[in-house]
Amino acid sequence: MSHSPDPGTPELYWDEVEVGAECTSPEYEVTEARVMAYAELTGDFTPVHTDEEYARTTPFGTRVAHGLFGLSIADGLKTRSALRFQPGMSMGWTWDFVLPIKLGDRVRVKFRVGTARQSRSRRGWGIVILPSELINQRGEVVQKGEHRLMIPLRPAAA
């Protein structure tokens, strides 16, 4: 599996974005090694994520990925999707954890351009709202929300 964006996929400027455009990313497998690397990276070794014996005693019945790892996966998968934007600034996420992400799950993010408007405070920039769902291999939405992103308008011709 390639870990870099398709070089043939254009990165869109704000004025090239179409409201309603949607995309589904490639899949990402949530492995034990990746969950443990996330725990190491963040310092979050909560046993429901890192200790199978303990996790069996929880309502999940097994280890699950960190909720914020799911959000991180969704954000990363967007950058590897066919619908990509010029580098900009993330303005934030509104995000809900719907179902657990279990080790071995394969997830993908489905997102669309919900709205687009020019920035009122930053000339030459526009804001897009991207409603998004993180979906597992069974078609279940495990996390969902929206990403607010500021991206540049196409530069004026010199």
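Me: What makes up the accessible surface of the protein chain?

Reply: In this predicted model, the accessible surface comes to about 8,800 Å², and 51% of that belongs to carbon and sulfur atoms. The C-alpha trace spans about 65 × 30 × 30 Å along its principal axes. Buried residues make up 39% of the 158 residues.

Me: Why is K78 called buried?

Reply: Happy to go through that one. The cut-off for buried is under 20% relative accessible area. K78 has 8% relative accessibility, so K78 counts as buried.

Me: Where is K78, and what is K78 in contact with?

Reply: K78 sits in helix 4. Leaving aside neighbours within four places in sequence, K78 is in contact with L83, R84, W93, V109, F111, L130, S132 and H147. Other buried residues of helix 4 include G67, F69, G70, L71 and I73.

Me: How do you know that the span of helix 4 agrees with its number of residues?

Reply: The expected span is 1.5 Å times one less than the number of residues. Helix 4 has twelve residues, so it should span 16 Å; its end C-alpha atoms are 17 Å apart, which agrees.

Me: What makes the largest nonpolar core a core, and which residues touch the most other members?

Reply: A set of this kind holds buried residues such as Val, Leu and Phe, joined through side-chain atoms within 4.5 Å. The largest one here has 29 residues, and V30, F69, F85, V128 and L134 touch the most other members. Among the elements that give two or more residues to this core are helix 1 (32-42), helix 4 (67-78) and strand 8 (125-135). The largest share, five residues, comes from helix 4.

Me: Which residues does V128 touch?

Reply: Not counting residues up to four places away in sequence, V128 touches W14, V17, V113, T115, A116, H147, R148, L149 and I151.

Me: How do you know that strand 7 and strand 8 pair?

Reply: Two strands pair if there are at least two bridges between them. Strand 7 (residues 115-118) and strand 8 have four bridges, in the antiparallel sense, so they meet the cut-off of at least two. For example, the bridge partner of R117 is I127 in strand 8. The hairpin of these strands has six residues between them, and G124 takes a positive phi near 85° there.

Me: What pattern does the protein chain follow along the sequence?

Reply: The pattern reads β-β-β-α-α-α-α-β-β-β-β-β-β, with four helices and nine strands in the chain.

Definitions and conventions. Residues are numbered from 1 along each chain as its sequence is written. This is a predicted model: local features need pLDDT of at least 70, side-chain atom pairs count only at pLDDT 80 or more; totals for chains, interfaces and linings use all residues. Side-chain values use heavy atoms; hydrogens and water are left out. Buried means under 20% relative accessible area, exposed over 50%, partly exposed in between (1.4 Å probe, protein chains only). Contact means heavy atoms within 4.5 Å. Accessible areas come from the Shrake-Rupley method with a 1.4 Å probe; for residues, only the protein chains shown count as cover.
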